[in-house]
Amino acid sequence: MEQPQLLVPTPSNRSTLSPTAASSSSFLLLGIPGLETLHAWLALPFGCLYLVALLGNCTILLVIKTEPRLHHPMYLFLCMLSLTDLVLSTSALPKMLAIFWLDARSISFSSCLVQMFVIHAFTAMESGFFLAMAYDRYVAICKPLRHSAILSGPRIASIGSAVLARGLLLFFLMVVPLHFCRTWVIVHSYCEHMAVVKLACGDTKVNSAYGLVVVAAVIGLDIVSISFSYSLILGTVIRLPSKDARWKTLGTCSSHLCVILLFYTPAVFSFLTHRFGHGVPPYLRVLLASLYLLVPPALNPIVYAWRTRPIRDKILRAFQQGGKCYFCGPC
């Protein structure tokens, strides 16, 4: 099959990339390079995934809020994860759909930098909340008698605040040093860090290296810590006396393990292909990076709704109420 032809932005063809001319204070987002003729069709699955992410994560938040027996550390961290997913998907998808459907490719410098900061900061937060949930599983399985004492309300609030502060502080420093003196085209569907850094004036080696180190350190450290937590969990499970007890204990971790794989597998692949996959077609790199912002937020609530019985039962009862809205009383 013949690969789509990438339209390289040059001074002579810049005006053909979009009917909307860029002003002196804006970028032009190309969308998915080489697949411009398919943008209208790609908007359909992208829009559906976005709606699923909105509906699923709002449902998770509503279920946990209205069910007192779910007010425990695992579900409180799940609420934080759902809020992060909502922000992460909303930071990019409306603009993507505007590009795909309306060809509205212009984005101001300030909006682009804000979008870049939000996407990377909240990606780090999502990774941090996965680590917090892994710690919760470790305490619940390895130190069950001290679970409520270790993960008290103030401790949960402190962990959530630390994850939030880490993402905001580390990735804010990626944006501050950037300065731009010309308008250019971003060969991407959103303001991805390295795609924007390449357009900055002056020497960007420090910013590029800082971005690489921060992403590798944050994601890498979280993956190592999560792996260590589950190695301790596995050691405890192996020592349980019966096979049924071992399977039941591991079952409490199944939802978390599924969403971890959904998040880190495309994240690592997208990171490696963008940095080192020079042989990968640009349209494939951008398409995977775009789907990465949608697929985990859309599938995380589905996994938890299906694999977590209290959440599943609450949702099923809501559909079985007939003329009554289960969450808010009689309609």
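## Helix α3

In this predicted model, helix α3 covers residues 109-142, a run of 34 residues.

## Residue V52 in helix α1

Helix α1 runs through residues 39-66, and V52 is part of it. The relative accessibility of V52 is 34%. Buried residues fall under 20% and exposed residues over 50%, so V52 counts as partly exposed.

Once neighbours within four places in sequence are set aside, V52 is in contact with N57, A298 and I302. A further distance concerns V52 and L294, which are 242 residues apart along the chain. The C-alpha atoms of V52 and L294 are separated by 9.4 Å.

## The protein as a whole

The protein contains 12 helices and 5 strands. Its chain has 331 residues, and buried residues make up 48% of them.

Contacts can also be sorted by separation along the sequence. Among those between residues at least 6 apart in sequence, 77% join residues at least 24 apart. Finally, the protein exposes about 16,300 Å² of area, of which carbon and sulfur atoms supply 70%.

Methods
Residues are numbered from 1 along each chain as its sequence is written. This is a predicted model: local features need pLDDT of at least 70, side-chain atom pairs count only at pLDDT 80 or more; totals for chains, interfaces and linings use all residues. Side-chain values use heavy atoms; hydrogens and water are left out. Helices (H or I, at least four residues) and strands (E, at least two) are DSSP runs, numbered from the N terminus. Buried means under 20% relative accessible area, exposed over 50%, partly exposed in between (1.4 Å probe, protein chains only). Contact means heavy atoms within 4.5 Å. The expected span of a helix is 1.5 Å times one less than its number of residues. Accessible areas come from the Shrake-Rupley method with a 1.4 Å probe; for residues, only the protein chains shown count as cover.
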